[in-house]
Amino acid sequence: MRFAWLCIAIAGFALVATPARATDPLELTNAIKALDAGDVKGALATVQRFALAGNNAAQNELGWLYETGHGVPVDYPEAVKWYKLSALHGGASDQNNLGRMYESGLGVPKNYTEAEKWFGLSALQGFPMGEFDLAFLHDRGLGTVPPFEQTVALYKKAADQGLAIAQYQYALCAKNGHVANGQAVATDYFTRAADQGYGPALDQLGRDHELGRGVPVNHLIAFEFYKRGAEAGDGNAMTHLAALYEAGLGVARNYAEAAHWYRLAVDRNIPLAAYRFGIIAEQGLATGTPNEAEGFAWVRTAADVGNLAEAQNHLGVMYAQGRGVAKDATEGARWFHRAAAQNNAAAMENLALAYKGGIGVPFEPAEARRWHEQALAHGYALSAPAAPAAAPAPLSNDLLSVAGGNSTRP
């Protein structure tokens with residue numbers, strides 16, 4: 001069975017509370033509006049009364065309140081109870097919400113078959129979030145997993161109804177060759193999602209302009225997309241924006257701004273941001289005062305928790321040289337091995353140098369030759385060009401010398 005994992009993105013799921021319908025009593029409509037605005041007093045009792053009387057909108061609203069803790073304590077089983085009562089009466093958003101509870105195992109045992117059933121019922125009514133959630137479930141190889149073309153078609157149906165997350169996901173599918181005229185279609189749907197302020201789509205458009213994917217390279221335009229995506233809260237856009245500030249591409253170089261955006265991205269669990277923030281701290285690029293201990297802490301986070309190969313390589317250098325941590329060549333070699341296992345060419349070359357000099361590992365010329373050959377096979381270039389004088393030291397592929405010193409290469 002083929003899983004189309006190439007088009008999967010980690011994207012948050014929306015909680016869908018059903019708005020009151022035109023046919024609902026004005027009293028209920030006003031109560032739901034009050035609850036959604038955070039005014040619980042009086043409104044909660046009204047919604048509960050209508051929910052007990054069998055009103056779908058009131059039941060779904062109660063489910064949403066108990067799931068999110070909006071004015072009431074979080075109570076997932078209670079949320080499931082109200083979602084199910086409403087879903088059994090055929091409410092599309094209610095069915096989708098119930099499917100999410102089964103998918104996540106909130107208030108009920110996790111059950112992808114049940115999730116698929118309720119997403120499917122919602123999708124059959126043309127509810128865009130139901131279509132998206134069903135497609136996303138199948139995209140991850142969960143449930144019955146129909147032919148991938150059906151998953152792409154569901155993404156498109158939801159996208160064409162204006163759902164930003166579906167527009168983004170359909171664009172990824174197009175970008176990865178699952179739709180004819182892929183790059184053009186991807187740009188179209190990324191743009192639709194970006195026009196709604198959807199951060200991941202803004203980041204993708206920024207990457208396209210930075211790297212020249214389907215459009216000419218333009219760092220000024222890339223910067224604008226990244227900035228909008230970062231301000232929308234997208235961690236990857238924050239990281240890419242910080243990188244432009246750090247390199248001075250599309251904007252004047254500003255290490256303080258770079259550090260600011262990297263730090264915000266760290267809070268969104270972006271390993272590359274933790275690594276680059278650590279480098280800036282280590283070198284004192286933003287403050288003028290190097291802080292190797294702080295740099296070590298952030299590089300270690302990126303290397304260990306984030307499993308980022310270039311951070312693991314740099315951490316190995318820090319241990320081998322005692323920069324920000326007690327010198328420990330054996331620990332340094334261990335981190336070189338971890339990075340090399342992820343095919344990091346600089347780490348392979350560092351292992352070659354370590355074995356050649358007996359730095360943290362036994363003196364073994366044969367192992368040194370083997371790792372050097374591995375480094376070359378994975379793209380390491382002995383004669384890498386020097387970086388421009390004004391550029392920051394990248395340190396992502398820094399190397400040990402045989403004596404244990406550091407030779408920074410771009």
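In the predicted model, Asn96, Arg100 and Glu103 of helix H5 meet Met129, Gly130, Asp133 and Leu137 of helix H7, where contact means heavy atoms within 4.5 Å. By class, this contact of H5 with H7 has 2 nonpolar, 2 polar and 3 charged residues. Ala, Val, Leu, Ile, Met, Phe, Trp, Tyr, Cys and Pro count as nonpolar, Asp, Glu, Lys and Arg as charged, and the others, Gly among them, as polar. Helices are DSSP runs (H or I) of at least four residues, numbered from the N terminus. The model is a predicted one, in which local features need pLDDT of at least 70 and side-chain atom pairs count only at pLDDT 80 or more, while totals for chains, interfaces and linings use all residues. Residues are numbered from 1 along each chain as its sequence is written, and side-chain values use heavy atoms, with hydrogens and water left out.

Two packed helices are described by the angle between their axes and the distance between the axes. The axes are lines fitted to C-alpha atoms, for helices over the stretch in contact, and the angles run from 0 to 180 degrees between N-to-C directions. The axes of H5 (residues 92-104) and H7 (residues 128-139) come within 10 Å and cross at roughly 25 degrees. That angle makes H5 roughly parallel to H7; angles under 35 degrees count as roughly parallel, over 145 as roughly antiparallel, 65 to 115 as roughly perpendicular and the rest as oblique. The crossing of H5 and H7 is left-handed, a term used if the near helix is turned anticlockwise from the far one by less than a right angle, with right-handed used if clockwise.

H5 itself has 13 residues and reaches 19 Å from its first C-alpha to its last, close to the 18 Å expected at 1.5 Å a residue. The expected span is 1.5 Å times one less than the number of residues. Of the 13 residues of H5, 12 are buried, so the helix is largely enclosed by the rest of the structure. Buried means under 20% relative accessible area, exposed over 50%, and partly exposed in between (1.4 Å probe, protein chains only). Among the buried residues of H5 are Leu98, Gly99, Arg100, Met101 and Tyr102. The buried residues pack against helix H3 (56-68), helix H4 (76-87), helix H6 (112-124) and H7. H5 is followed by glycine 105, whose phi is positive, near 70 degrees.

H4 and H5 pack at an angle of about 145 degrees, with their axes 8 Å apart. Their crossing is left-handed. The contact is made by Tyr76, Ala79, Val80, Tyr83, Lys84, Ser86 and Ala87 of H4 and by Asp94, Gln95, Asn97, Leu98, Arg100, Met101 and Tyr102 of H5. By class, it has 8 nonpolar, 3 polar and 3 charged residues.

The axes of helix H12 (residues 219-231) and helix H13 (235-247) come within 8 Å and cross at roughly 140 degrees. H12 and H13 are therefore oblique to each other. H12 passes H13 in a left-handed crossing. Residues in this contact include His219, Phe223 and Tyr226 of H12 and Met238, Leu241 and Tyr245 of H13. By class, the contact of H12 with H13 has 9 nonpolar, 3 polar and 1 charged residues.

H13 is also a partner of helix H15 (residues 271-283). H15 has 13 residues and reaches 19 Å from its first C-alpha to its last, close to the expected 18 Å. H15 is mostly covered, with 10 of its 13 residues buried; these include Tyr275, Arg276, Phe277 and Glu282. The buried residues of H15 pack against H13, helix H14 (255-266), helix H16 (292-304) and helix H17 (309-321).

H15 is followed by glycine 284, whose phi is positive, near 70 degrees. Glycine 284 is found in the loop between H15 and H16 and is buried, with a relative accessible area of 5%. Leaving aside its neighbours within four places in sequence, glycine 284 is in contact with Thr289 and Pro290. Glycine 284 and glycine 295 are 11 residues apart in sequence and 9.1 Å apart in space, C-alpha to C-alpha.

Most residues other than glycine have a negative phi. Asparagine 181, although not a glycine, has a positive phi of about 55 degrees. Asparagine 181 is found in the loop between helix H9 (164-175) and helix H10 (182-195) and is exposed, with a relative accessible area of 62%. For asparagine 269, phi is near 65 degrees, again a positive value in a residue other than glycine. Asparagine 269 is in the loop between H14 and H15 and is exposed, with a relative accessible area of 65%.

Terms used. Helix = DSSP H or I, 4+ residues; strand = E, 2+ residues; numbered from the N terminus.
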